[in-house]
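Student: I would like to learn how to read helix packing and strand pairing in a model. Please take me through it step by step.

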Amino acid sequence: MTDDVLTQDQIDDLRTTVAGLMPGVRADLEALTRIPSVSLDAFDQAHVEASAEATAELLRAEGLEVEIVREGGRPAVIGHVDGPEGAPTVLLYAHHDVQPPGDDADWDSAPFEPTERDGRLYGRGAADDKAGIMAHVAALRAHAGRLPVGVTIFVEGEEEIGSDSLPTILERHGDKLRADAIVLADSTNWALGEPALTTTLRGLIRVVVTVTTLDHGIHSGMFGGAVPDAVTTLVRLLATFHDEVGDVAVAGLKSGKASDLDFDEARLREESGLLDGVEVIGTGSLLDRIWAKPTATVIGFDAPSVAKSSNTLVPTASAKVSIRLAPDEHPMEAYAAVQRHVEAHTPWGARVQVHLDDQGAGFAADAHGPVYDQARAAFTDAWGVEPVDIGVGGSIPFVASFAEKFPDAAILVTGVEDPDTRAHGANESLHLEEFEKVCVAEAVLLARLGAMPR
């Protein structure tokens with residue numbers, strides 16, 4: 001438990017102030033959400049530019065000195081305002097780019113027209129992560145003209161495509177981003193009404209496995225039964241990535257332990273949409289499996305389509321495999337383990353190649369100390385219940401980049417999402433009541449950090 005650095009009246013005043021600000025915050029969030037800022041090359045990058053400009057204007061309106069930086073990638077926004085003399089500086093992170101919307105037919109309302117239904121605001125980016133931007137803006141507005149700390153806001157423009165230019169930004173603009181505490185608002189809460197700090201994230205490697213058995217396609221009736229086709233060979237190889245109960249069977253990959261929280265199979269099925277009769281795979285606690293143990297998921301397959309297939313032995317086939325890693329696993333060591341596994345398990349002497357498509361480090365915080373104490377207190381102030389420490393099975397490699405660049409800063413991974421947000425999927429949404437609590441928590445956190453003994 002932390003020492004009280006704020007009075008209850010101060011906390012209540014901030015809560016009341018934020019409540020009064022929410023209509024304007026929501027209007028600005030909806031305006032941002034209407035900008036289809038998909039950072040993939042196949043989409044119009046003028047929208048990403050427009051999103052950066054809109055974000056910059058929001059920060060300028062709050063008195064920050066703002067610049068838009070481009071270091072070989074999409075535009076990022078950096079804003080800063082000084083705090084009182086001797087006060088700590090807090091870096092607030094979010095990203096303004098979004099995932100592709102997918103097929104409009106899968107959405108119950110237009111993906112870039114924010115729409116409220118049953119207390120949730122639907123739209124691509126309404127949660128991930130334009131609500132993160134607006135949580136930071138709401139905290140600034142709650143302290144308008146009297147910020148208790150120095151604040152730097154960094155809003156990235158290419159998080160959804162891997163943050164390729166982030167290392168260069170950190171190298172060339174690191175002095176502008178240096179802070180005593182870093183709040184990375186790109187995660188989730190444990191449940192509606194139950195806040196969380198994310199203290200572990202899995203790492204990631206993504207590989208493309210290509211199998212070749214022939215130098216050209218041949219008649220399946222003439223040669224089938226003696227000559228292996230590439231698709232069957234690849235399927236047999238991919239099957240070796242798991243054992244009979246569904247645990248990853250790649251030798252050398254690490255496994256971790258997750259927080260001891262109550263999470264049963266019924267909740268897993270509800271949140272994931274697992275169909276009745278489909279078994280849960282793997283061993284260990286459910287949270288170990290989805291937060292701390294390795295996974296291997298086939299996410300893409302290059303082979304003739306059913307509609308266009310012919311009676312031919314296919315000479316070459318490829319699969320893209322997403323492999324999530326224990327939080328402390330080094331991605332390149334994991335890649336070497338996968339290469340060894342593929343080479344040892346490719347059947348029938350087929351030729352095989354393993355190409356590294358992407359990689360990112362995991363994260364495990366030592367979530368102790370005065371900044372973490374104040375963060376947990378701020379969450380309690382906003383929700384009325386104490387937060388829990390959670391892991392996230394997904395990968396946010398930029399968190400490790402910040403931890404490496406600023407080893408003395410306390411890193412707080414927070415978020416606006418909840419288990420039904422459906423970030424990256426159709427009908428992504430933001431729970432509006434929870435969002436207000438996120439804004440209160442961040443405003444209170446800035447006040448608490450500013451009031452800490454110096």
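Tutor: A note on sources first. This is a predicted model, where local features need pLDDT of at least 70 and side-chain atom pairs count only at pLDDT 80 or more, while totals for chains, interfaces and linings use all residues. Residues are numbered from 1 along each chain as its sequence is written, and side-chain values use heavy atoms, with hydrogens and water left out.

Student: In what order do the strands of the four-strand open sheet lie?

Tutor: Helices (H or I, at least four residues) and strands (E, at least two) are DSSP runs, numbered from the N terminus. Two strands pair if DSSP finds at least two bridges between them. Here the order is E11-E13-E9-E14, with antiparallel pairing. E11 (295–302) and E14 are the edge strands, each pairing on one side only. The twist averages 20 degrees from one strand to the next.

Student: How many bridges join E9 to E13?

Tutor: Ten bridges join E9 to E13 (residues 316–325), and the two run antiparallel. Glycine 203 has leucine 325 of E13 as its bridge partner. E9 also pairs with E14 (residues 351–360), antiparallel, over nine bridges. There, arginine 206 is partnered by aspartate 358. E11 and E13 pair over seven bridges, again in the antiparallel sense. Valine 298 stands opposite valine 321 in E13.

Student: Which helix packs on this sheet?

Tutor: Contact means heavy atoms within 4.5 Å. Axes are lines fitted to C-alpha atoms, for helices over the stretch in contact, and angles run from 0 to 180 degrees between N-to-C directions. Helix H9 (residues 331–345) packs on the sheet and touches E9, E13 and E14. The direction of H9 makes about 165 degrees with that of E14.

Student: Is E9 mostly covered or mostly open?

Tutor: Buried means under 20% relative accessible area, with a 1.4 Å probe and protein chains only; exposed is over 50%, and partly exposed lies in between. E9 (residues 203–212) is mostly covered, with eight of its ten residues buried.

Student: What is the order of the three-strand sheet?

Tutor: The order is E4-E5-E18, an open sheet with antiparallel pairing. E4 (115–117) and E18 (429–431) stand at the edges with a single partner strand each, so one side of each has no neighbour in the sheet. Neighbouring strands are turned by 25 degrees against each other on average, direction ignored. Three bridges join E5 (residues 120–122) to E18. Tyrosine 122 pairs with serine 429 of E18. Helix H12 (residues 432–451) packs on this sheet, touching E4, E5 and E18, at about 65 degrees to the direction of E18.

Student: At what angle do H10 and H12 pack?

Tutor: Angles under 35 degrees count as roughly parallel, over 145 as roughly antiparallel, 65 to 115 as roughly perpendicular and the rest as oblique. H10 (residues 370–383) and H12 pack at about 140 degrees, with axes 8 Å apart. H10 and H12 are therefore oblique to each other.

Student: Which classes of residue make the contact of H10 with H12?

Tutor: Ala, Val, Leu, Ile, Met, Phe, Trp, Tyr, Cys and Pro count as nonpolar, Asp, Glu, Lys and Arg as charged, and the others, Gly among them, as polar. Residues of H10 including Val371, Phe379 and Trp383 meet residues of H12 including Val438, Val444 and Leu449. The contact has 13 nonpolar, one polar and four charged residues.
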